[in-house]
Amino acid sequence: MQAEQEDRFQEFVRARWSRLVRTAYLLTGDVHHAEDLTQTALAKAYRSWRRISRSDNPEAYVRRMLVSCNSDRFRKRRVVEALTSAPPERAGRDETAGRVEERGSLMAGLAQLPPKQRAVVVLRYWEDLSEAEVAEVLGCSTGTVKSQASKGLAKLRAHPGLATGRAVSGSRARPQPRSQPQPQGGSR
């Protein structure tokens, strides 16, 4: 790789490392797996950087590689994930106990989703990609994205730790509206 391409790749990695690791964490549920997954995807991207850097959206291309590398983990061997009740602490952030508990419940709910549903939910609601962008990243139709998102959100809503009706912070999923009291009918 030429020095100029090398510099562009290093700049890309510095600018997007934390976001890619966050996405990988949501896909894997483990910080160490997330970092390994991100490194694997970036190693593959490095080999093809000349072609990738010419694409309209290199980040989307690398994100797709990240999702593909995660899928490869499941194809090669069955991975048993043991998620903790709370995600790892982030430096410099003070979170309330309720948010930590909610996040732990969310991670447990995500862990129970099949890999494709999990990828759709993460890309759609945490990465804030459109249905078309998620379809492009996953190499499927927008109809598949819609159905997988619907099924995934339904499973998350049914998860015991998330069934409180509160919106999950960071997502566009909204709580179900509470039923309004019905006016008492009847004639006098």
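Q: How close do the axes of H1 and H2 come, and at what angle do they cross?
A: A word first: this is a predicted model. For any helix pair, start with the axes, then turn to the residues. Here the axes of H1 and H2 come within 8 Å, and they cross at roughly 145°. The crossing of H1 and H2 is right-handed.

Q: Which residues of H1 and H2 make the contact?
A: From H1 the contact takes Glu 6, Phe 9, Phe 12, Val 13, Trp 17, Leu 20, Val 21, Ala 24, Tyr 25 and Thr 28. H2 contributes Val 31, His 33, Ala 34, Glu 35, Leu 37, Thr 38, Gln 39, Leu 42, Ala 45 and Tyr 46. Sorted by class, the contact of H1 with H2 has 14 nonpolar, four polar and two charged residues.

Q: At what angle do H1 and H6 pack, and how far apart are their axes?
A: The reading goes by the steps used above. H1 and H6 pack at about 145°, with axes 9 Å apart, and the crossing of H1 and H6 is right-handed. On the H1 side the contact is made by Arg 22, Thr 23, Tyr 25, Leu 26, Leu 27 and Thr 28; on the H6 side, by Arg 118, Ala 119, Val 122, Leu 123 and Trp 126. By class, the contact of H1 with H6 has seven nonpolar, two polar and two charged residues.

Q: How many residues of H6 are buried, and which are they?
A: To judge how covered a helix is, go through its residues one by one. H6 is mostly covered, with ten of its twelve residues buried. The buried residues in H6 are Gln 117, Arg 118, Ala 119, Val 120, Val 121, Val 122, Leu 123, Arg 124, Tyr 125 and Trp 126.

Q: Now the salt bridges. How many are there by this rule?
A: The rule asks for a side-chain nitrogen of Lys or Arg within 4 Å of a carboxyl oxygen of Asp or Glu. By that rule the count comes to nine salt bridges.

Q: Which parts of the chain does the salt bridge of Asp 72 with Lys 44 link?
A: Check the distance, then the positions in the chain. In the salt bridge between Asp 72 and Lys 44, the closest N and O atoms are 3.9 Å apart. This pair links distant parts of the chain, Asp 72 in H4 and Lys 44 in H2, 28 residues apart. Asp 72 is partly exposed at 21% relative accessible area, and Lys 44 is partly exposed at 29%.

Q: What are the N and O distances in the salt bridges of Glu 59 with Arg 19 and with Arg 63?
A: With Arg 19, the closest N and O atoms are 3.5 Å apart. That pair joins distant parts of the chain, with Glu 59 in H4 and Arg 19 in H1, 40 residues apart. With Arg 63, the closest N and O atoms of Glu 59 are 3.3 Å apart. Because Glu 59 and Arg 63 are four residues apart in H4, about one helical turn separates them. Salt bridges that share partners join Arg 16, Arg 19, Arg 22, Glu 59, Arg 63 and Glu 127 into one network.

Q: Is Glu 59 buried or partly exposed, and what about Arg 19?
A: Glu 59 counts as buried because its relative accessibility is 16%, under the 20% cut-off. Arg 19, at 34% relative accessibility, counts as partly exposed.

Methods: Residues are numbered from 1 along each chain as its sequence is written. This is a predicted model: local features need pLDDT of at least 70, side-chain atom pairs count only at pLDDT 80 or more; totals for chains, interfaces and linings use all residues. Side-chain values use heavy atoms; hydrogens and water are left out. Buried means under 20% relative accessible area, exposed over 50%, partly exposed in between (1.4 Å probe, protein chains only). Helices (H or I, at least four residues) and strands (E, at least two) are DSSP runs, numbered from the N terminus. Axes are lines fitted to C-alpha atoms, for helices over the stretch in contact, and angles run from 0 to 180 degrees between N-to-C directions. A crossing is left-handed if the near helix is turned anticlockwise from the far one by less than a right angle, and right-handed if clockwise. Contact means heavy atoms within 4.5 Å. Ala, Val, Leu, Ile, Met, Phe, Trp, Tyr, Cys and Pro count as nonpolar, Asp, Glu, Lys and Arg as charged, and the others, Gly among them, as polar.
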